[in-house]
Each structure stands twice: as structure tokens, then as C-alpha cells.
Amino acid sequence: MSAARYGMVIDLDRCTGCGSCMVACASENNIPALPQATARTGLTPMLVRRVSNSKQGSERREAFFPIMCMHCEHETPCVKVCPQQAVEVDKATGVVMQMPQRCLGCRYCMTACPYHARYFNWWDPSWPAGMEKSLNPGVSSRMRGVVEKCNLCHARLHSAMEKAAAGKREIDAADYIPACVEACPTGAIQFGNLADANDPVTKESKSPESFRLLARLGTEPKVYYKSKEAWVRALAEPNAAPASEVQHG
Amino acid sequence: MKFSRRDLLMWGAGAAAGLMVTPVPWKILDDTSKWSQNWPWIPQAARVPVEFKQSACTLCPNGCGLRVRMAAGWPVGVAGANTHPISRGALCPLAFGAHQLNWHPKRLRAVSRRGIASSWNEAQGAFAKARGEGPIVVIDGYPGRAASSLLESFAAKQGGSYRVVNGPEVQALEPYEQWTGVPASSLGYDLENTQTILSFGAPLLDGWGMPGRFTRLWAERAAGITDPQLRLIQVDSSLSRTASRAWQWISIREGSESALASGLARAFVEQKLVPAHGPIPAMTLAEAAGQTGLQAQEIADLARTLIERTPAVVIARENNPAVAALNIVLGSVGTRGGIVRRSQSKQGHVSAEDAIQSARAVLIDASVPWDFTPKVDAEVFRFAAWDGGPTKADWLLPAPGFLEELTDVPSAPTASVETYGIAQKLAKPSAEVQSAAQFLARLDSSLDSLEKIIQTRCQQLFRKGAGTLHAREQSPVAQLASAEELEEQLRNGAVWVGEPSRADGLRAELKLWPDAGPSTRSADWASDWAAPVLPPLASKLYIESALRQVPERRNA
Amino acid sequence: MRRGLLIFAFGMAASLFAGWYVFPRVLYVKKAQPLDFLHKTHAENSGVADCSECHTVRDDGTFAGLPTMEKCASCHSDRNGESKAETILVNDYIKPGHETPWLVYSRQPANVWFSHAIHVKRAKLSCSKCHSTYGESDQIRLYEVNRISGYSRDIWGHSILRLGRAPHEGMKMTDCEGCHRTHNVEVGCLGCHQ
């Protein structure tokens, strides 16, 4: 199997900010909904943020940005700072793999991540009595004190790999679809292999309407955004709009 | 010789030195690290195989197709079913966490009477007694199911009445009942063939109708396209999600929808944009402008825009006759791309909001919204799967939760074609539960069972020979071998779709322009969700993020 | 001085004895399997020719692991013979419909993902490479569990120094890494973790 570089193109003109991707992500990854969590302390590997063109009244326009780990390819900031080597870039898939089992919870990576896409487990996961029966097999629960982030639904990649091995063939793209991609009701989130020139996602990523957040930092994120609205594209760099939401700390 | 302290220290030093060259400290370190990585109080999913089953969501009357991940006999994940011809694999955000609802802390697990624990036997006894003493009113929040048929039969046999609670989408079609003689539950919008939609506050991209139907249509034909095939014009007093994605957002003062509708009707007639037929509103364009906060010219421009690309259809958020009347002016009732007749059924149902003369007892099905209170003084038997908070009901009866009972799925309220499906039971109820239909069937054994009613419906479908079965492949019903095969496929997640509605045969007559309707209340995003509680993971949307507002109806 | 050294030596001896003799015996607890399942009986007498007849890699690539009670019931819905083990199986598990609570020698922590499909179908490893010749065993192997970590003795290996390990012994991460290194198969962290 030749090395893949899994990435996404998220069409912001299609994103309605419904939040289906957030709930599907939490469900797939066995993330609890703890009553004591807040916007600062919650665990949302997929988080949709609302942005606006800063105008009021009938001139106001809003858009929604689904934010998750960008799976940076070059000088990956979190990988560089981790004292435990609890995160590394997978050569075979391009996924930035977070290992909660190795993490000691120093949270240096949370500081390093330019996209605030990493979340700290403040509490041990727990569910109301009986709800553990609804946990997704193939994804282990993490304890408190470690950092988590999007791993591109690795359990689904595992299933796809097993299926491919049993059938003695390569992975079928239809077998590996991350939860957020599957959940989006408008098909705004597209997932594919950026190493494959024929992949529709690769072609979309090269469109003039496609952009990446904070591209000037040079981390080469593999999640692209796309919009025909110029004001949305302008938000890709800081100083374009005031921070209007609580940042995870 | 005495064993001195020095001896002890020497002995200890020897022991310590020796310990270093035994496996003890190194093995304990390694084993402790494993022990500390696997705290027993952190639940882990069992290592069990996963299989996929299809069913349908019953948490609102749309019945989106579900593809459920099952592990060891329990649902562990929910996704949309790509084979469903209308929802096309999409769901609302709440559905993705619905498989955890059955263990929600507010799950009703035991019969109670005014807060005191009781039993099913006592409830049956009390209801049987009530039945003998006076008329029973049965209230249904999800009409059209096999269970609904059972509820209705019971009420009829007993000399009581059967009432329905309709959601706002059906309520928005109620004005047409009077004008066409066709019940609102038989009407739908032919969105697939329309080119311009004027929505008065209807959250088309955020939970209106079957979530996938319009979102997929819009994504294909309008999203990100400068000159789209499908123009969505959203009228909203604030920038809702639908308004922010719409082709055009018309910002009006809150509560002035009727004024805008009247102004538009005026503009149509004055500018001769439509063939003049029917009544004209009394309101002038200037008056409409004053009330809505728009300029008269803007209203006139909007009228012109509406007929630029036809067919055009107007969709109201709820029952607003002035907005509904616009469709008559546009000629969009009974035409392609407009309001169409989905079903030939002439059977309408009486609304539960209508006055109830008298009742000895009221039986409320679990599908009725929690905050519905019958306007009659009677003993109330309330079925529900979750506790929605303080209630005036006398009896609280635990009903089956999510995917805990076999039920069928009638056509979605705003659809333009008839559909039928079966939602198979996928989870074992975690409490002793009964649905209202089962409860009544136990009292009156002459009523057909749910399974029998579903079987009869499948037989009728098969006999008619019309329509197509949508599963991995599509097969015309005429080519199926038997009614049993049809039912088997439906139970496994296939969906029957009827023939597309013929645009003719629906005629609307409007004598007088309607009075101003009620002001559209801004809809809470979770207000149409049937269960009184939200799935726990939905809290990620409003507690652990700033994406959505805390819904009013949320209960814990 | 001599006395001091002697006492030092005594201390050391006590420690060495406790560490090398007592500790390995005390660290592990013997546990009995619910019943004495004999692979050899099944292989010889019951026409079960291959490991994969019960320990199957399914079509979708998942591994059946230890067969469920349903599989056993396909032949043992009632007693076929007189053995004590079968009586327990039928009376305590098959008839009431409970899964047999086998103690798994190779159980790994929840965060470990091992794909039998990839190792058996793709890498074409034989079962005996990691599991010895279980299939030919004529007695049930003793299950010993580490008191501290909670895992079977097979994971570390019988010998405390990890010497002379049989094929079914040694399933720690370093053992997986060793084989991967030898065969030059590179996988990232999430290639084996979940």
C-alpha cells in the first residue's frame, strides 16, 4: 500500500452550522457529555465555530467553520514539543496520531497547536448507569489528565484495513469514511487522499476558492476550506476579525 | 550478642543492595505502569463484533432512515441510511446521539400516579374503570402509524374521540384545508421541482421537514453557486442559519410576516405580475412597507424576483393564512413545484387544540409533546419514555424509548410523494414499558394487534402493485413475489415510495384575503424534537461550545 | 567489621531469596478455567480439522476470538459424552444461555488493536507462531494472572527473566516491536493502538 495523505476540503458555503458533525464525532470516539463541562473545559475534537463579517443589521453575514486537527505535515508543532513522543505523524497515512496512553498531560501541545484543536481530559469519563452498553467498540476510553484530539476516526481505518486484508486487496475508499464526513447533511466535509492526484478532494484543494487557515505559518495543514465569499477567505489569517469566542485553555 | 541498631542498618543495606539485583523493583515498576493505565472504574467498550442494521428514527414524524451500528445486541452508533430515497443518508444533529437516550437519567422506568409509585395493573384498572364511566379522548402526536390506527379504532368503538397534535409544518398547510377541501395531512411541497422558494421563517436548512431532503437538494443546486438553479429567499427577523446560507435574506420586523405577504400580493396584482384572480388584500404597499420596515420598492422588487424563475412556492413557518394565500396568488397550488396532493386520502383529523366537550379520561400517546395540556377536566393517562418535568397528568406511564419497539413509518408531513417503512426494534427495553397502543390492545382484545395492522398494510401495498421499494437496489412493487417479501424487505430497512403526485386535481378557492395571521414565533432549534429530553451528546452543541443557544425545552 | 559484613551478607541473601524465589511464586495467582476444554479431543474425535473452524477470521476481517457459546451449542446442545467438562458446559452455560467466562491467556489492554486478519491473511503467519501448538494440547493449560497488572502470565512469559520463552509466551509491546523490526514492517502508533 503506497503512502496516503488523508485530508479534507470543507465547503463553507455548504456548512449550515447544524452541529451534526460534532455529535457524530463525540459518539464515534466514546466521548462523554459530562454535566460539569463548559465551553472552556469541554472535549470537542470537532468544534464548529461561528464567524461573521462584523457588520450589523441586514448587512451582517455569518458562516461556520468546522475546526478539528489539521493534521499538519511540516514541522508539526505538537509533535515537535511533546516530551513524551505521544504524538507523531504516521508515514503511511499522514495522520497526526495522538496517543493518550503515552501522554503525561503537560499540555505543551495545546499551547503549540495554532488551531486550538487539542483538548484536555479534565475528568475521568463516566456515563449514567447502563449507558456504557452504547459505547463504540474499537475505540478505547481515555482517562483524565491526558490530551485528546481528532485522529481521523482511526477505528474506521482499522476496520477498513481488516476488511482489505480479509479480501486480499487494497483499502476501499468507501470503507473508510470518518464520522463527521458521514454525518454532514449537506456534504460540506469531503474526505480523501491528497497523495492521489485523481482524488476529487485533491482537485478541490487546488481550486482558487480553497484556502487553509494560518497557511503562512508553514505547518502545511491537510484540512482545506473552500468558499466563494471573499470575506470568509479573508478570515484565514489573524487580524482579519476579532476573536469572538472563548478559547480552550 | 545483641542485635544493635547498626546491625539493623547493615542488614537493611544488604537487603536493599540485594533487591536491586532481583526482578522485584523492575517487575513491579512495569506491572504498576500497566495497572495505572487501566483503572477499573473507566468503562471500556467490550471487544465484540459490530454489525449494521437499518431502521427508522421515530423521534419526530419524519422518520429518517437509520443505519445503526450494533454491538452485542445494543445500538452503539447511529448514521443515516443512504438508501432512503428522501433523507438520503442525512439526519438532524440530535439523531447521532439518540442511541444513548434510553439510559438518560430522566428515563421513565415505573408507573406513577401523581408522584407515587404504582403499577401497570393499577393503571389498567383505573383506565378500564374510566372507560366504563364516560367518553375517552385519545391524543396522538404522530398520526398515520399502525399504532395510530389502533388508537383511533379504540376511541371510535368506545364512543370517545381521537385527536391529533400536529407539528408546525403540518399546521402551515392547514389554511389550504379550507381552500381546497383536502386535509393538510394529505398535502406536501414539490420542492424537487421548484426553482424559487420564499420561506417565511421556516428553518429549511436547520431541521424543517426531513432534514436530508432539503439540505441535500439545496447543497446540489444552490450552495456556493452564484446563480443557482434553486433560489432560496429567507424572510427572518434575525440572521438565522437558513437566512445566512440563503440566496437572499429579507430582514423584516419581528411579527410582520402577514404584512409582507399582503404587500407582496398587492405588488403582484398592481404590477400585473400574475394573472389577476382572487381577492386582493386591503393593505397597501406603503402600509406593508411601514409594518415590515422595508421600502415599498423592496417589496415590489421581491415580487418581481419571485416570478423570475418559476415554479415558485411560499413556505410558512406555521399556520399563517396570509402567507399561505400567497401561493394561490402565485398559482402554486396544485401545480408542479408548488403545493401538491401527496395522498388521495380524504381523511382529516380533528386537532387536539380544538375544544373537547367532555371527557372522563384523556389518554396521551408518547409522541405528543410534553408540554401539551388537554383543555378539559379529566383524568389524564400520559405515556412517555422520558420525564419532561412538572406535569398535570394523573398517571405517568413508561413507554418504549428509542428503537425499543416495532413500529411503522408513514409518509413524512411535507413530502410530495407517499412513503412507507417499518422501524424494526433494535434495543431491548431497559424498563418495563408499554406503548399506548399495546395498553389499549390489552384492554380490548377485539382490536387488531400492531403486527397484524402492519401486515395488512403491506398486503394492501402489494395488491395495489404501485410504487418502488428502495433498498440497495430499487425494485418496482409489481415485480415482487409476495406481500411477505415486501414486508420482510421493509423490516430490513427498505422504503416504499409511491408514484410521484400528479400536479392536477388540486384546486384552491380563495374568497376573501385572510386576516393578519399570528406573528411567527422565532423557533427554538430543538422545539420540534419529540422527546422532552435531548440526547446527552447534544450538549456539546450548546454547553461545551458556543455553536447553539441553550434550547428552552431542554430538561437536564 | 566482619560482623557487619556478615549481617550485610545475610540481608542480601534474604533479599535475593525473597526476590528470586518467593516473589515469582507470590506474584501470580492460579485461576481455574470454567471447564477443562481439550483441543485434542475436538481435533481428533470431532472432525474439527483447522484452528479457523472455531477461531475464524470473518469476511469483514474481524476475528471471532474465542468462539461464543452459540458455536459450542452447534454440537453440544446436549451432552454427547460423559465428561465432567461437558456436563458443566451444557448445564451451566448452554442451557441457561450464558457465555462461558473463559480466562484469556493473551488478553491485551483495551487500547491495543491487533488484527488477526492482517497477520494471518496478509502476513500469512501460522497460528502456532504466536500461540504454540494449543490445537494439539490434551490438557487445559494453567491460567496464572499477575496480581498487580491483572494480565495473564503469558504476556510477560513464565520466566521472570524472560528467558526461554515458548511461542505462546511474550506478548508485550516490545515483543511485537521486535518481530516488526525483524521483518521490516513499519507501523505508526495507531497501527496497533486504538
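**Core and chain interface in a predicted model**

The largest nonpolar core holds 106 residues, and those with the most contacts inside it are A:Met8, A:Phe65, A:Ile189, A:Leu213, A:Tyr225 and B:Leu59. Helix α1 (residues 20–28) of chain A gives the most to this core, six residues. This is a predicted model: local features need pLDDT of at least 70, side-chain atom pairs count only at pLDDT 80 or more, and totals for chains, interfaces and linings use all residues. Residues are numbered from 1 along each chain as its sequence is written, and side-chain values use heavy atoms, without hydrogens and water.

**Cores**

- A nonpolar core is a set of buried (under 20% relative accessible area, 1.4 Å probe, protein chains only) Ala, Val, Leu, Ile, Met, Phe, Trp, Tyr and Cys residues joined through side-chain atoms within 4.5 Å.
- Another core, of 67 residues, lies apart; B:Trp208, B:Ala219, B:Val313 and B:Leu510 are among them.
- Leaving aside neighbours within four places in sequence, B:Leu59 is in contact (heavy atoms within 4.5 Å) with B:Ala98, B:Leu101, B:Trp386, B:Phe402, B:Trp529, B:Ala530 and B:Ala531.

**Interface**

- Chain B puts 59 residues in contact with 63 residues of chain A.
- The buried area (accessible area, 1.4 Å probe, lost by two parts on being put together, summed over both) is about 4800 Å², and carbon and sulfur atoms give 60% of it.
- On the chain B side, B:Trp103, B:Arg245 and B:Glu544 lose the most area to chain A, together 14% of what that side buries.
- The rule finds zero salt bridges between chain B and chain A (side-chain nitrogen of Lys or Arg within 4 Å of a carboxyl oxygen of Asp or Glu).

Note on methods:
Chains lettered and ligands numbered in written order. Buried < 20%, exposed > 50% of the residue type's maximum accessible area, 1.4 Å probe, protein only. Helix = DSSP H or I, 4+ residues; strand = E, 2+ residues; numbered from the N terminus.
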